[in-house]
Amino acid sequence: MSGLPAATRDWLKGPGLTRLWQGARKRLESNGVQATGSLRLTAMNAQERNDLSLLLGKPLTGAAVTIRLDVLDARLHASAAGLGLRQTLEELGPPLTDRRAARADVAARRKQVWSSLASSLDASPLADQEWPRQWYDLLRRSGVPRGVTPEAAIWALQQAVQVLTVLLGPDGPERNGTRGRGELAAMTTGSAHGLDDGTWLARLVQRGVALAHGTEFPDDAAGRRALWRLVSVTPDEVSSTVLTYGLRPDGEGWRERALRERADHHAEVHVTPRDLHGLRLQLPAGTLIHICENPRVVEAAADAACVQPVVCTSGSAATVVFTLLDALAATGCQFAYHGDFDWPGITLANRVIRRYEALPWRMDTAEYERLAARSQAEGIPQLALDGQPVDADWDPDLAPAMTVLGVALHEEATLDLLVADLSCQV
C-alpha cells in the first residue's frame, strides 16, 4: 500500500516536479541517502516555477532556484505527503541506492580478494619459496579481469594456489610424474576443462610456473604449451592437426619414413603437435612448399597424384599450422600461398606472406578478374563479397578490383588450375 494519498501522489508526479525528483534522487544516492546539501534547478518553465512555489511555500519568479534538501525534507514532512524526502522519492520511484555504501562494499570485497590469496599462499607448502611473493604482487598490480566478481576471483585464486601446489610443491612433478592437462584440471578443479587455454585460471597458473622457472610469460599457444611441459603437464597435442601432402623429410626415424611412405602413395597426412615434437623436418634447402587455405585442394592434389608438397591452413590457421611452417622455414624451404578471394582470405594471405616471405600463388588482380569472368561465363552463381575491404600486401590493385566486382571466389573455383600447378615438377 502507498503511504501517499492518491491526490497528493498524482500531484507530486506531475511534470512540474519531475526534474526536482530526478536531481534529488541523484544527490541522495551520492551522499549516503541523507537529505543534506542543496540542489539547483535552472531554465525553469512556468509550470515548474508554479509547482515548486506551492511545494516550498514561497513564490519563485526567476528562471533558477537553489533548494536546500533539508528544507525540502521538512516541507514534505509538514505537507499532505506526510513523508520525508527519502520516503517520498521511494514512493514515487524505485528504492534509492546508497552508492557511497555500495562503493565501500565493493572496495572491501576487492580487499578481501587479495587478503584471501595472501592467506592461501601463507598456508600452502609454497610459502617458503621466493616466487609466490612475485606472483602475488604481479596479480595484484594487474587486478581482476572485468566481469569477474570478487567471489569468483577468490575461488579462482584459491584454485590456482592448489594447482601450483600440485605442480611446484614438495610433491611436484618429480614425484607425481607426467600427467595430461585435462587430468590435472579434473583432479584440482573438478572439471577436465578447468585449465583450458584462454581461461583466467589457466593464465594464473601459467604465470606462476613462468615465475618459478625464471622465464618470460609466452604470448602464443606454442609457448604456453612449452610452459606446461616445464612442470610435466602435457596439453592436448592430438586433437589439433595440420593437413599436409607430399612431405618427404630426410631421416630414418619412423615418423620421417611414415611421411615419405604416405607421400609415395599420394596420401594426405594429418600432423599433430605431438608428431612435431619427434619429427625431424629436414627437407632439401630451397624446397618449394605450396600453402593452401581449403582442405579440398589437398584432397584434389592427392586424387591427381600431384608431385608438389602442400600444407593446408584449413581456414584461419591454428597454431600447429605455424609450428609446422616455422620448422620447414628453418630448413630453408620456400613457400607459395593461395587462398580465398574474400576479405578473410586476404587477411590470412597477408599474415602468411609477411611471416614467410611467401610468393603469391595465383593471387593477383589479373588472376582474380580472369577467374571471376570465367565463373560468370560458366553460369556459376556469384557469391557476394561482404565485409570491410583488406589491402593485399603483394598487390595494391587487388582490393580495389575485388571491391568493384563485389564477388567472392573460393579456392574451389580455381581447383583445376591449382592441381595443374601441383602436378608439375619444379
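Student: What makes strand 7 (residues 288–292) count as mostly covered?

Tutor: Four of the five residues of strand 7 are buried, where buried means under 20% relative accessible area, exposed means over 50% and partly exposed lies in between, with a 1.4 Å probe and protein chains only. This is a predicted model, in which local features need pLDDT of at least 70 and side-chain atom pairs count only at pLDDT 80 or more, while totals for chains, interfaces and linings use all residues. Residues are numbered from 1 along each chain as its sequence is written, and side-chain values use heavy atoms, leaving out hydrogens and water.

Student: How do you know that strand 7 pairs with strand 9 (residues 334–337)?

Tutor: Two strands pair if DSSP finds at least two bridges between them, and four bridges join the parallel strands 7 and 9; in strand 9, F335 is the bridge partner of I289.

Student: Why is T188 called buried?

Tutor: T188 has 6% relative accessibility, and therefore counts as buried. T188 lies in helix 10 (residues 181–189) and, not counting residues up to four places away in sequence, touches Q159, Q162, V163 and V166, a contact being heavy atoms within 4.5 Å.

Student: How do you know that the length of helix 7 (residues 131–142) agrees with its number of residues?

Tutor: The expected span is 1.5 Å times one less than the number of residues, so the twelve residues of helix 7 should span 16 Å, and the end C-alpha atoms are 17 Å apart, which agrees. Helices (H or I, at least four residues) and strands (E, at least two) are DSSP runs, numbered from the N terminus.
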